[in-house]
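Today I'm looking up side-chain contacts and ring pairs.

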Amino acid sequence: MENLYWIGIRESEIKYCKDFFEESVTIFGNNNISMQKELKKVIDHNNINNFDLIDDFFNKQLKKIISSNPNAKFMYYSQIYSYDSVKKLGLLNHVICFNNQRLINYLSDKFKLKELFKGFVPILNYKFLDGNKCSYNNIKREFQKDDKSYVIQTATGSGGSGTIIINKENENEIELNKKEIFMVTEYCENNIPINMHVLISSSNIILLPASIQIIKVINNKLEYMGCDYIAYRDISIEIKNKFEKYISIIAKKMQSMGYRGICGIDSIIYKNEIYLMEINTRFQNSSTILNKSLVENNLPSLQEFNIKCFKDEKIDLIKFNVNYSCLLLKNGCKLSNSKIKSIEMLDNISGNIDKETSSYTGSLIYNESIFKLL
């Protein structure tokens, strides 16, 4: 699309629809405008201490693009990144697929989300506790259960940032802001985390193929490490139907609130029930291999569908399978199995470049299920 630029996290987000964009500006990238190249360093983009640095980088690059191309338009991986540019640079007329900031902040808040959908879809029992009351013994008293693990969450955060596991083995390792409020739930052992992309327009709601998420406990945090669309097929039809039912309820509520475009909805399967976890008001890491499958089936990309949603244009979508799984590579987080061989690597960030702990260093794509092998 003429004069359209992609603003995102990884260069690979538009690998399968690159011709749709003039250029991309991302945090990670080897062959585009990237923060990684400018800083000669790979940062942890989920670390709150880097957020201002990221905003400054995007603002600087967008200003350059506007000065050379006054007709430039920007589509964002996450609309949250757009608000600083709109506020500081006055770029509202240059940003497409743009939702109200207050709505995005509301839906991205895990605390408000649970309150919003309680009574509409199943929600795990939760309690709000001050940081100074989040000792393991106090949490046990609150839930009146012994020898359990619990999940402590901040209101916002992605990729596992702000999600901590506490139990009797690690309680002395957990450090929290005593003045902050946290949401605490029981940790559901052997749950299956699942996710679905959804497209929302004024008159349509489109559910896309779902995946199992690969979540691992690393340094007492629940870290997102990839997705498996193939493994999701093994889930019972009863659970799949229930998931689609709940997703439709959530999406209709979002639609009524004025939300438009793509989003991802996280849930877990636990004891034959499905519990809502959070809503990602953005594209997702798993969007890349979903795009790969769309293109292979001669269908428009998610980015093109996103535009259609905001224009309320008809979306014709045939049923298709996603025959891939994906594993994220993070500095200091080793997670692999020599029995499985990847078919493609994305964003290969290697060499002597400085890398922060837990920073993204690439993704591996597989044409077989990896969920049970990791």
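I started with a polar contact of 2.8 Å between the side chains of Lys330 and Glu223. For me that term means a pair of N or O atoms within 3.5 Å; within protein, one must be able to donate a hydrogen and the other to accept it, and residues adjacent in sequence count only if both atoms are side-chain atoms.

Before going on, a note on the source: this is a predicted model, where local features need pLDDT of at least 70, side-chain atom pairs count only at pLDDT 80 or more, and totals for chains, interfaces and linings use all residues. Residues are numbered from 1 along each chain as its sequence is written, and side-chain values use heavy atoms, with hydrogens and water left out.

Back to Lys330: a polar atom of its side chain also lies 3.1 Å from the backbone oxygen of Tyr224. I then checked burial and found Lys330 buried, at a relative accessible area of 10% (buried is under 20%, exposed over 50%, partly exposed in between, with a 1.4 Å probe and protein chains only).

Next, rings. I got 13 aromatic pairs, taking rings of Phe, Tyr and Trp (its six-membered ring) with centres within 6.5 Å; planes under 30 degrees apart are stacked, over 60 edge-to-face, the rest tilted. I looked at Trp6 and Phe283: their ring centres are 5.1 Å apart and the planes sit at 85°, so I logged the pair as edge-to-face. Both Trp6 and Phe283 are buried. Together with Phe20 and Phe21, Trp6 and Phe283 form one aromatic cluster.
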